[in-house]
Amino acid sequence: MEICESQGFFHQNYDRFRATISECEFRSFSQLETDKQRIKFVNKVIAERCDDLWKSARRSESGKSLSTALEQKTLGNQEFQYEKWNDALMFYNSAILRVPFNNVTEKSIILANRSAALFHLNKYEEALQDINLSIDHDYPKEMKYKLMDRKARCYFALKDLPSSLECYREMLTALDYSDLCPDKRNKMIKETTKKLSELEVHIANVKKYLEPVRHCSMRKFVPHIEKSVYFDCTEQEGRFACTNSDLRPNQLVLKELPHASVVAREYSSTHCDNCCSRVTVLFCCPNCVDVVFCSPDCQRTACSSFHRYECGFLQFLWKSGANVVCMLALRIVTQKSVEYFYDLEEELEQLTSDKTDGLPYDDYRRVFNFVTHSEQRDTEDYLKWTLMAALLNTVLKLTVFYKTNTLDTYIGAILLHNMQIVTYNSHEISELQRRKPQDPGYSACIGAGLYPTLVLFNHSCDPGITRYFIGNAVYVRTVKNIPAGSVLAENYGQLFARSNLRERRNSLKSTYKFVCGCQACEENWPTMDEMNVNLVRFKCAGSEECNNVLIYSEHSQQDALKCEKCGMLTDVNQSFELLKKVDMFKRFTEASNLYQQGEFDRALSRYAAIMGSLDQVLVRPYREYHICQQGIRRCSLELGNKYTEQK
């Protein structure tokens, strides 16, 4: 797998670096045994022969501009006058991104203007947030009455009458400092006093019915893993997930936050750099315009950890061609301090799963021992990856990550190790995107994350689970009946129903360095298009332990089929009667209609019920079952990140 985009300057730098290494030195590099030795080798060559290799590595201009911010604010005001609230919000977001940190008053005015657009979009919680931020940024005292009026109306819309009353009182005080002419000020005082009186009477009349107002807030994420899931281990398969009880379709088996995540470069201006959620109300770094955040909490979290090291250097990294693998490998380091990794140095090589499984998801020891396939990497590839690790380490040296202006070989080795971990263990974070509301949509990769539990689920071309994302949190649901004692597998590449055996195995071997031995591959199951609709795959009804496949042709005249495994007879007519009771067409139509109506939870239940009934009579693979599986996957995506383009 490439670690660098084709258009980046890293390729030219690598060619220049490579030309300085003799064949003898190259052979010496191939015999090195540790990542620390490899980093030391590369650093030495750079220092002695091409010390200007990263001469363009420097903090980029902030991109902040007061004039640009004011232009965007003006455009927002124009759209606001035409009651184009969404367009106004877009321009105010752009203005907030561009306004320099020290232009506090201008930022307060833009925030106030944005709060007005949010109010008209019925986003009252977000409007209140902007109003409070605007006041914190010293919004002009003579105009403060406008904010207090809007704040009062927001609370009223949220049915928080006491808070609304308090804001109208503050508005009266603020009017004393307004720049209105006396007539207008007196008129507004009169109107506000009337509102106060009416609100006081209203509150007095309904006081005994008033309940404490609970404003909407982000629910705290609660991780979850199905209690029946456990992790087995073999020498050939490594660690993998199993279940010790039966799992039905549409069962939530895992909710997990990533150890680290990054947003892809092309989504850096639309999605939160901290949680990967699409940004509606933009918050930003005070020192750059390279990334955006969805909330003040995400902004504070990022700017106090990883972004303080990445800020100003993202443009350099993107121009180098560093892809999402490199950026995630770097993020694993920048979200901690250098001291954190120093404290772990002696412990990392002695870790066991017994110790790491109980650690928090953000503990580096939890992910350190993930597979790297380093033994299968050729020398040329290893040299290129090591040079990229050196580039990432150079960026850290130019920031405040290190206390001294020297490259640290140990951290360089950590970066190289991380790149290998991420390559084989990270997951794409997706978003369901549509051009129009009626479009079926497509799943777009908006970033990548490293999930400590999900990574332990092995691959199958006939997976038992599907995954979707809310922000950067992954949710995993079952897509088939999974008997107790079975492996709980996900899919790393292509499903058997869509591509043939050769295509799947070639792709997995090239990308993940293994030959798939799942049931669909071992038995060479047909793709959906190849499935013979004239053959019915009945389940042997002779005994519960058998479950052998009995192939029945629709042109056959047989009333019973004898099982070659248990010798028992299965009544074909009885099996057809059971299928008739399933009423596949009617129930599938109901599920599809529920999906079209946006009733995704109910549609999921319908699909799962159909599959449960079919499983009593038939044995996969057959078309109807896999159509229902696709319905579950489609509904699951609707529950996660999704976006429809606005005109």
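## Two helices that pack together

Helices are DSSP runs of H or I with at least four residues, while strands are DSSP runs of E with at least two, and both are numbered from the N terminus. An axis is a line fitted to C-alpha atoms, for helices over the stretch in contact, and angles run from 0 to 180 degrees between N-to-C directions. The structure here is a predicted model, in which local features need pLDDT of at least 70 and side-chain atom pairs count only at pLDDT 80 or more, while totals for chains, interfaces and linings use all residues. Residues are numbered from 1 along each chain as its sequence is written, and side-chain values use heavy atoms, with hydrogens and water left out.

Let's start with helix 14 (residues 324-334) and helix 17 (residues 379-398), whose axes lie 11 Å apart and meet at an angle of about 40 degrees. Helix 14 is therefore oblique to helix 17; angles under 35 degrees count as roughly parallel, over 145 as roughly antiparallel, 65 to 115 as roughly perpendicular, and the rest as oblique. Contact (heavy atoms within 4.5 Å) is made by C326, L330, V333 and T334 of helix 14 with M388, L392 and L396 of helix 17.

## A glutamine in a strand

Now look for Q433, which you will find in strand 8 (residues 427-434). With a relative accessibility of 7%, Q433 counts as buried; buried means under 20% relative accessible area, exposed over 50%, and partly exposed in between, using a 1.4 Å probe and protein chains only.

The side chain of Q433 has a polar contact, at 2.9 Å, with the side chain of E431. Such a contact is a pair of N or O atoms within 3.5 Å; within protein, one must be able to donate a hydrogen and the other to accept it, and residues adjacent in sequence count only if both atoms are side-chain atoms. Leaving out residues up to four places away in sequence, Q433 also touches Y267, R278, G441, Y442, A444, I446 and Y643.

## Cysteines without a bond

How many disulfides are there (pairs of cysteine sulfur atoms within 2.5 Å)? The count is zero. C275 has its closest cysteine sulfur in C294, but at 3.6 Å that is too far for a bond. For C628, the closest is in C635, and 11 Å is too far as well. C275 is buried at 15% relative accessible area, and C628 is buried at 0%.

## An alanine in helix 5

Finally, A88 sits in helix 5 (residues 85-98) and is buried, at 0% relative accessibility. Its neighbours, not counting residues up to four places away in sequence, are G76, E79, F80 and A117.

Technical notes: A disulfide is a pair of cysteine sulfur atoms within 2.5 Å.
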